[in-house]
Amino acid sequence: MPHVDYEQYGSGYARHRRADPRIAARIHAALGDAPTVLNVGAGAGSYEPEDRWVLAIEPSATMRAQRAPGAAPAIAARAEALPLDDGAVDAAMACVTVHHWEPPAAGLAELRRVARGAVVVLTFDLEALPVWQQEYLAEGLMIERPRFPRVDAVAAALGGHTRIARIQTPSDCVDGFLEAFWRRPEALLDPAVRAAQSMWALLAPGVEERIVGRLAAALDSGAWDAEHGHLRTGDTYDGALRLVVSDAT
Ligand SMILES: C[S@@+](CC[C@H](N)C(=O)[O-])C[C@H]1O[C@@H](n2cnc3c(N)ncnc32)[C@H](O)[C@@H]1O
């Protein structure tokens, strides 16, 4: 399976991938009142609650170095082998990371093992991305698709009483994942925005330039707006974001 090297590609992450407050509220509600929370694949610390004890797990030193002063401590470890005892924390969370795990099911079983209560996973159903992204980003999504576990497979791997919730992506989403720009396609022309999205790191030489060139031309000519301009007036997009929540078994 293709692999993204966060040591090489993660350095601009903290600037463009910040917690969106509306998405954070959904994650924190799903964590309930758990006093101790483990954040796995924690990156720079987005979505970590600040009102309780948190421990982070993050394998990349480049990503750990971007954690804010005062953020929860981060252990260098991987989801597939968490260095914690069974039931060591009240709840566990994993945001936009399960597609990097090898395999995702191994990390999900570990989350379920170490958490006494809720396990909360934020991920995407790539098939529900906006039509224009499916079209323009097709060459990249072809590589991403096999890496992303199906959302129902995430739920099944967690087991217990599991629910899948849709999360609307705000039009001004401050977390710069692909779908965040559903009504701001120009943002994907910015190399710094793309550098904080792992899909681009998986592409063969020349593909990124081809995708960006085609999108730039469609924006310039008005072809994008002629076909997708109705999106420009929306406040939220009911697309690919999913929250999978498994309560204690
Ligand atoms: C897209 S970032 C998300 C970071 C953070 N959770 C957030 O929402 O901003 C994906 C993170 O998963 C981490 N990661 C990659 N492979 C991992 C693994 N096997 N176990 C745990 N984390 C992993 C990467 O180092 C990276 O920090």
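1. Salt bridges number 20 in a search of the whole structure, the term meaning a side-chain nitrogen of Lys or Arg within 4 Å of a carboxyl oxygen of Asp or Glu. The model is predicted: local features need pLDDT of at least 70 and side-chain atom pairs pLDDT 80 or more, while totals for chains, interfaces and linings use all residues. Residues are numbered from 1 along each chain as its sequence is written, and side-chain values use heavy atoms, without hydrogens and water.

2. Arg 242 and Asp 125 form a salt bridge through their side chains at 3.8 Å, N to O. This pair links distant parts of the chain, 117 residues apart: Arg 242 is in strand 9 (241–247), and Asp 125 is in the loop between strand 5 and helix 6. Helices (H or I, at least four residues) and strands (E, at least two) are DSSP runs, numbered from the N terminus. Arg 242 is buried, at 6% relative accessible area; Asp 125, at 26%, is partly exposed. Buried means under 20%, exposed over 50% and partly exposed in between (1.4 Å probe, protein chains only).

3. Glu 127 and Arg 145 meet at 2.8 Å, N to O, in another salt bridge. Glu 127 is partly exposed at 49%, and Arg 145 is partly exposed at 32%.

4. Helix 5 (residues 104–114) has buried residues including Pro 104, Leu 108 and Leu 111. The buried residues of this helix pack against strand 1, strand 4, strand 5, helix 8 and strand 9.

5. Arg 52 lies in the loop between strand 1 and strand 2. Beyond four places in sequence, the contacts of Arg 52 (heavy atoms within 4.5 Å) include His 28, Asp 33 and Val 37.
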